[in-house]
Amino acid sequence: RSVNIVAFGNERDGFSEDNQQPSLFWSYLRRSALISQIDSSLSASHVGNPVFTEYQACVFGNVRLVVHDCPLWDIFDSDWYTSRSLIGGADIIVIKYSVNDKTSFQDIKESYVPMIKKALNHCSVPVIISAIGARKNGVPCTCPLCTSDRRSCVTTSEGVQLAKELGATYLELHTLNDFYIQKYFGDVLEYFMIQSLNQKSSEKMKKKKKTQKCHRVQPPQLEQPEKMPILKGEASHYDADLHNLLCCCQCADVAFCPEDLSTVVEAHKVILCSASHLFMLLFEVKSPADIHDASIVHMAQSLFAVEEGAARSVPPGVPPVRVVVKDAVFCSCLPDILHFIYSGAFQWEQLEEDIKKKLKDPEKTEHVLEKVKCILKTPGKLNAVKDCRSHQIKRLYNTSLRLFFNTPVLADVIFKIQGATVPAHRAVLVARCEVMAAMFNGNYLEANSVLVPVYGVSKDTFLSFLEYLYTDSCCPASILQAMSLLICAEMYQVMRLQHICELYIITQLQSMPSRELASTSLSIVSLLKKAKFHNSDCLSTWLLHFIATNYLIFSQKPEFQDLSAEERNFVEMHRWPSHLYLKQLADYRNYVHSQKCHCAVM
């Protein structure tokens, strides 16, 4: 017997300095008298970015307890296939948030709770909402990259209203001490665990009684269909792509240099502007009236001098715009600062360490770091840096680069497609797509052209493709749109996007009921042909298994005749139900008829 619990959310304030505080579930497992044999393991999509922690223990003596604790809501954005699987296998769901983190609460309410409701799909899985922490009067967050106003807390009425929307049980845990963990949270959780075990025992008894009802000749047993091939998602390399762009200096359109012009550090306006309002002001993306912050305006004027025409896009082959750095000490640290920005702008401790090693002077180090804080600050916020969580800053960074998607601001290339034009930025395209990197840096016409025609793909599909390059995310509206995007991704050799489209198509088909599958006009055989033609081996293999598993449906459709001889042989070999089962079923029916008795099944 087992109980599976899935927990989403972070019980700590996202900007709290107390990062050593144990999690809610770790505190419960260690303190509860009912828990024994605790074990934990970390599952990660890639090193340094944990997706969830898995705890295993025994409860009520011999019941296996499995807890998947997912502190990052990003799992719904980057790996929703895994998140959906976790919810589907959960006996209890726990949603956690800090009462002092209103921004995270709003994200949960507006973005993630609707996803959870859709994934539950009317299933009677109990949900517990845990509001954790003592409310503070609060001081506004002073992180230079934080856009949230942290002076307000999540009220009890807001938490109760969210619980009503989900049909959940609402708990407030002012602190993670023995009373709140064992007597309050623990009692409620254990009540639901007992309910889940009782329900499973009841279902098991019903099945057992069914099998014992008839002692006559039993009908043939229908085996489960063969397991479908499992597709695994590919980890994001968004930050690494942008960092590599800085290292190779392709498509640079701005060059920083000291006043004596002795050295040059090249960069890209669109990347700098996506991370800093100061650079937006410097390159005239925004005006001083838009910034509303005198400190940023003053810093831009005192630290940099831009030669005339810097705001204009740099055509291919034209040297980058020169920006003179007036502060010699800051200029000597500029390569480290640019690496910090291009890497996602969240490794603040690493930047501090690099500058300390280079300058070996505490006063100069503090002087440079203060200027970096001003460069990265949000207008109207205090200029101080706290320990920012990387996943929060990454989301801000991606959102900022989204501002330049499909806009002529700083654009240096225009795609012409189906009679329309789509502006873009060579730096982003070269960083994120190897085919475009070769196209814009090789001996091709596109390398020296501002207007680039695009063939073989629709405008909407190409826009979705560009959106992925800029934001590292995509959300197809349908299976056909996902297939079109997959074809475009294969054309430009963006493999991660191709895998995302494959997973979307598979998930949509898996969730389609048999009745809808039988009546749909969507041609699965046509999808199979396209997947094979565009080298999507994983998807084509899965679709063949899908057709074989749903043999009785697809064998009645005209498109079934379009399968090749090799494909037809595979489907017939792996069909479900099998020929043997159908023969056994026919023999059993003949036996029932000859005995003139009622069917053991009906």
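This report describes the predicted model of one protein chain, from overall confidence to individual side-chain pairs.

## Basis and confidence

The structure is a predicted model, in which local features need pLDDT of at least 70, side-chain atom pairs count only at pLDDT 80 or more, and totals for chains, interfaces and linings use all residues. Residues are numbered from 1 along each chain as its sequence is written, and side-chain values use heavy atoms, with hydrogens and water left out.

The predictor's confidence in each residue is given as pLDDT, on a scale from 0 to 100. Its mean over the protein chain is 83, and 84% of the residues reach 70 or more. Over residues 44-49 the pLDDT stays under 50, and the model has eight contacts (heavy atoms within 4.5 Å) for this stretch beyond four places in sequence. The pLDDT is also below 50 over residues 139-150, a stretch with 43 contacts in the model beyond near neighbours in sequence.

## Overall architecture

The secondary structure of the protein chain comprises 27 helices and 14 strands. These elements are DSSP runs numbered from the N terminus, with helices being H or I runs of at least four residues and strands being E runs of at least two. Among contacts with a separation of 6 or more, 68% are between residues 24 or more positions apart.

Of the 602 residues, 48% count as buried; the term denotes under 20% relative accessible area, while exposed denotes over 50% and partly exposed the range in between (1.4 Å probe, protein chains only). The accessible surface of the protein chain comes to about 30100 Å², and carbon and sulfur atoms account for 52% of that area. Accessible areas come from the Shrake-Rupley method with a 1.4 Å probe, and for residues only the protein chains shown count as cover.

## Salt bridges

A salt bridge is defined here as a side-chain nitrogen of Lys or Arg within 4 Å of a carboxyl oxygen of Asp or Glu. By this rule the count is 15. One of the pairs is Lys96 with Asp69, whose closest N and O atoms are 2.7 Å apart. Lys96 belongs to strand S5 (residues 92-98) and Asp69 to strand S4 (residues 63-70), so the pair ties together parts that are 27 residues apart in sequence. Lys96 is buried, at 1% relative accessibility, and Asp69 is buried at 6%.

Asp293 and Lys377 form another salt bridge, with 3.3 Å between the closest N and O atoms. Because Asp293 lies in the loop between helix H10 (288-291) and helix H11 (294-303), and Lys377 in the loop between helix H15 (362-376) and helix H16 (390-402), this pair ties together parts that are 84 residues apart in sequence. Asp293 is buried, with a relative accessible area of 10%, and Lys377 is buried at 6% relative accessibility. In the salt bridge of Asp336 with Lys358, the closest N and O atoms are 3.0 Å apart. Asp336 lies in helix H13 (residues 334-342) and Lys358 in helix H14 (residues 348-359), so the pair ties together parts that are 22 residues apart in sequence. Lys358 counts as partly exposed, at 42% relative accessibility. Salt bridges with shared partners also join Asp241, Arg432, Asp472 and Arg496 into one network.

## Cysteines

A search of the whole structure finds zero disulfides, a disulfide being a pair of cysteine sulfur atoms within 2.5 Å. Cys247 is in no disulfide, and the nearest cysteine sulfur, that of Cys248, is 7.4 Å away. Cys247 is partly exposed, at 47% relative accessibility. The sulfur of Cys257 lies 7.3 Å from the closest cysteine sulfur, in Cys331, which is too far for a bond. Cys257 is buried, with a relative accessible area of 3%.

## The surroundings of Leu517

Leu517 is located in helix H22 (residues 514-519) and is buried, with a relative accessible area of 2%. When residues up to four places away in sequence are not counted, Leu517 touches Met512, Phe546, Asn550, Ile553, Phe554 and Lys557. Leu517 and Phe554 are 37 residues apart in sequence, and their C-alpha to C-alpha distance is 8.9 Å.

## A nonpolar surface patch

Ile414, Val450 and Leu451 make a nonpolar surface patch of about 230 Å². Patches are made of residues with over 30% relative accessible area and no salt bridge, with like charges joined within 9 Å and nonpolar side chains (Val, Leu, Ile, Met, Phe, Trp, Tyr) within 5 Å. Leu451 is part of strand S14 (residues 451-453) and counts as partly exposed, at 48% relative accessibility.
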